[in-house]
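Reader: I would like to go through this model with you, starting with the overall fold. Could you put it on the screen first?

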Amino acid sequence: TLEIADLNQEVVDTQKVLISKLGAVIETRSFETANHVKRVARVSAFLAKEYGLSERDVAILTTVSPMHDVGKIGIGENILHKPGRLSEQEFEIMKYHTSIGYEILKNPEREMLRYASLVALEHHEKWGGGGYPSGKAGEDIHIFARITAIADVYDALRSIRVYKDACSQEETVAYLLAEKGKFFEPRLVNIFVANIDQIEAIRCATSEDELNEFSHIYHYLKEQMTE
């Protein structure tokens, strides 16, 4: 019936909102703006279209890409908030966020969660091999993870973080080109560089909205805990 169809759509829409908000919560726990995950989602969607993915796959990727770092919920704040470079031991611990995210999200009966778990698991794998956690390479890495990875790295480099200043557009593009065929799929780097002005426009157009309330709430709670 129409009522059941409406209810089913409501469930799907609610799942999408919860996935996006949970990704934002995890991001702000790292003292970053919640808009990072929104920018990653929108840039990922743009790249997916240019890559030639179906409209349905673009929609799925847009929904699940904000969950790429959900596993950071299991990483200690002494590592997440460290202002300098991580030690080798700390970095090994940080790597676990991919596997933690996969374990949190994996659900073979729910398509969105299944894809979200793959993105969480594989977004630090490298096209040329040598990434983590499994050292996959090339097309063995899911396309959703390959796209999310380049969108995530670009936005992270272009943003101020607790451990670094923001890189310029020129510096960040130079990094993508240097990692072409190594970290990132060459075709995705080509698409990215050819459309850099549009991608920057997408980043700049991401508005401040209610997701940023998470950062205000989290910072307030941190202040209360340290008083």
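Reader: In what order do the elements of the chain run from the N terminus on?

Author: From the N terminus on, the order is α-α-α-α-α-α-α-α-α-α-α. That corresponds to 11 helices and 0 strands, where helices (H or I, at least four residues) and strands (E, at least two) are DSSP runs, numbered from the N terminus. Please note that this is a predicted model, in which local features need pLDDT of at least 70 and side-chain atom pairs count only at pLDDT 80 or more, whereas totals for chains, interfaces and linings use all residues. Residues are numbered from 1 along each chain as its sequence is written, and side-chain values use heavy atoms, with hydrogens and water left out.

Reader: What percentage of the chain is made up of buried residues?

Author: Of the 227 residues in the chain, 46% are buried. Buried means under 20% relative accessible area, exposed over 50%, and partly exposed in between (1.4 Å probe, protein chains only).

Reader: And what share of the contacts joins residues at least 24 apart?

Author: The share is 67%, taken among contacts between residues at least 6 apart in sequence. Contact here means heavy atoms within 4.5 Å.

Reader: Now the core. How many residues are in the largest nonpolar core?

Author: The largest nonpolar core has 39 residues. Such a core is a set of buried Ala, Val, Leu, Ile, Met, Phe, Trp, Tyr and Cys residues joined through side-chain atoms within 4.5 Å. The residues with the most contacts inside it are Leu47, Leu53, Val64, Phe144, Ile147, Ile150 and Phe192.

Reader: Which element gives the most to this core?

Author: Helix 7 does, with 9 residues. The elements that give two or more residues include helix 2 (35-51), helix 3 (55-64) and helix 9 (186-194).

Reader: What is Leu47 in contact with?

Author: Leaving aside its neighbours within four places in sequence, Leu47 is in contact with Ile147, Ile150, Ala151, Ile191, Phe192 and Ile199.

Reader: Staying with helix 7 for a moment, is Ala145 buried or exposed?

Author: Ala145, which is found in helix 7, counts as buried because its relative accessibility is 0%. Beyond residues within four places in sequence, Ala145 is in contact with Leu118, Val119, Glu122 and His123. Ala145 and Leu118 are 27 residues apart along the chain, and their C-alpha atoms are separated by 7.0 Å.

Reader: Where does Ala45 lie, and what does it touch?

Author: Ala45 lies in helix 2 and is buried, with a relative accessible area of 10%. Not counting residues up to four places away in sequence, Ala45 touches Val58 and Thr62.

Reader: Changing topic: how many cavities of 30 Å³ or more are there?

Author: The count comes to 1 cavity of 30 Å³ or more. On a 1 Å grid over the protein atoms alone, a cavity is a set of points where a 1.4 Å probe fits but cannot get out, and lining residues have an atom within 4 Å of a point. Grid points are joined across faces, edges and corners, and a volume is the space filled by probe spheres set on the points. The largest cavity has a volume of about 70 Å³. It is lined by 13 residues, and those closest to its centre are Glu125, Trp127, Arg146, Ala149 and Phe183.

Reader: Which helix gives the most to that lining?

Author: Helix 7 (residues 143-157) gives the most to the lining of the largest cavity, with 3 residues.

Reader: Where is the cis peptide bond?

Author: A cis peptide bond joins Tyr132 and Pro133, with omega at about 10°. Pro133 is found in the loop between helix 6 and helix 7.

Reader: Lastly, how many disulfides does a search of the whole structure find?

Author: The search finds 0 disulfides, a disulfide being a pair of cysteine sulfur atoms within 2.5 Å. As for individual cysteines, Cys167 counts as partly exposed at 23% relative accessibility, while Cys204 is exposed, with a relative accessible area of 64%.

Technical notes
On a 1 Å grid over the protein atoms alone, a cavity is a set of points where a 1.4 Å probe fits but cannot get out, and a pocket is an open set with protein on both sides within 12 Å along at least five of seven lines; lining residues have an atom within 4 Å of a point.
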